[in-house]
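Hi everyone, thanks for making time today. I'd like to talk about aromatic rings and then about a pocket, so let's bring the structure up on the screen.

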Amino acid sequence: MIVIIFSGSRYADWRLADKGQVIYGFRTSGINSYLQDERYINQLLNKDTNLIYNAEKIKKIYFFGAGVSSKERQKKIENVFHKFFKNAKAKANHDIFASAIATLGDESGIVGIIGSGSNAAYYNGKKIQPNNFGLGYILGDEGSTNWIGKKLLKDFLTDNLPPVIREKLLLEYDLDRKAIFERIYHHPNPNLYLTSFSEFIFENKEELYINNLIKKGLDAYVKTYLIPLAEEHPDSKFGFTGSVANNYPELLKAAAENHHIKVGTIIKDPIQQLVKYYLKIN
């Protein structure tokens with residue numbers, strides 16, 4: 001039995017497969033090695049009956065997640081899995097590698113993630129070329145739901161929201177300055193709070209203010225990530241994953257085309273393509 005996991009900051013998609021077929025598929029809270037310690041991850045594993053019941057049957061684990069860019073972070077994830085899945089070999093890798101497999105397969109190209117966070121990299125068909133992107137929700141994540149949520153809250157706090165948006169926001173959320181500051185500065189994982197406004201953004205995407213906010217985020221994403229990669233690797237294919245890329249494909253295409261970049265494949269969640277890929281080699 002093998003396990004394939006693709007995790008963002010909010011959610012992790014799991015697939016357990018045996019003899020070439022998926023037998024269990026489910027979702028847990030996200031696993032991020034930068035934001036969570038081994039105890040938290042172990043507790044998460046112990047909450048799911050599918051994992052507990054099948055723990056000793058699992059032989060291989062393929063994990064892809066945000067924050068797994070260094071050997072140290074990979075080892076952290078692998079060690080937790082080794083302790084829980086006694087008979088399994090675990091391999092952890094960065095979520096950008098999973099996105100490359102899902103959108104480009106074995107072909108070279110530029111792959112981007114625009115979801116709860118954002119990132120991009122060049123993929124040579126086998127490996128991701130390291131770069132200085134992926135700065136996280138405080139210093140980076142342009143165009144992501146973190147970034148959009150941060151801008152929305154800032155405009156709320158500084159009275160720069162259109163009245164109709166402010167009223168809608170207050171109808172759905174219990175917001176005031178004290179509550180926002182408490183969640184951002186005194187609770188763990190403030191990035192998850194910022195992404196919690198993604199549904200509101202999507203529901204109101206036709207409102208001019210929201211539409212412009214998404215456009216600004218995607219334009220910042222293109223300028224920050226895609227243009228430098230396109231200049232370094234001209235004529236590359238482009239593939240994207242993530243909820244923002246999937247929910248606003250026309251806005252992404254327009255932002256890219258403004259800079260002479262053509263968007264290719266867009267996939268919301270790479271898990272299905274990852275399953276197909278790893279079932280072939282197991």
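Have a look at Trp14, Phe26, Phe63, Phe81, Phe84 and Phe85: together they form one aromatic cluster. Please keep in mind that this is a predicted model.

Take tyrosine 173 and phenylalanine 200. Their ring centres are 6.1 Å apart and the planes meet at 70°, which is over 60, so we call the pair edge-to-face. Where do the two residues sit? Tyrosine 173 is in the loop between α7 (163-172) and α8 (177-185), while phenylalanine 200 belongs to helix α10 (residues 198-203), so this pair ties together parts that are 27 residues apart in sequence. Tyrosine 173 is buried, at a relative accessible area of 18%, and phenylalanine 200 is buried too, at 0%.

Now for tyrosine 193 and phenylalanine 197. Here the centres lie 5.3 Å apart with the planes at 75°, so this pair is edge-to-face as well. Both of these residues are buried.

There's also a charge to point out: the charged end of arginine 27 sits over the ring of tyrosine 11, 4.6 Å from the ring's centre.

Let's move on to the second largest pocket, which holds about 320 Å³ of space. Its lining has 14 residues, and Lys150, Leu153, Ile184, Tyr185 and Leu194 lie nearest the centre. Which elements give two or more residues to that lining? They are α5 (136-139), α6 (145-157), α8 and α9 (190-195). The largest share, 5 residues, comes from α8. By type, the lining divides into 10 nonpolar, 1 polar and 3 charged residues.

Definitions and conventions:
Residues numbered from 1 in each chain as written. Predicted model: local features only at pLDDT ≥ 70, side-chain atom pairs only at ≥ 80, totals over all residues. Heavy atoms only, no water. Phe/Tyr/Trp six-rings, centres within 6.5 Å; stacked < 30°, edge-to-face > 60°. Helix = DSSP H or I, 4+ residues; strand = E, 2+ residues; numbered from the N terminus. Buried < 20%, exposed > 50% of the residue type's maximum accessible area, 1.4 Å probe, protein only. Lys NZ or Arg CZ within 6 Å of the ring centre and 35° of its normal. 1 Å grid on protein atoms, 1.4 Å probe; cavity = no way out; pocket = protein on both sides within 12 Å on 5 of 7 lines; lining within 4 Å. Points joined across faces, edges and corners; volume = space filled by probe spheres on them. Nonpolar A, V, L, I, M, F, W, Y, C, P; charged D, E, K, R; others polar.
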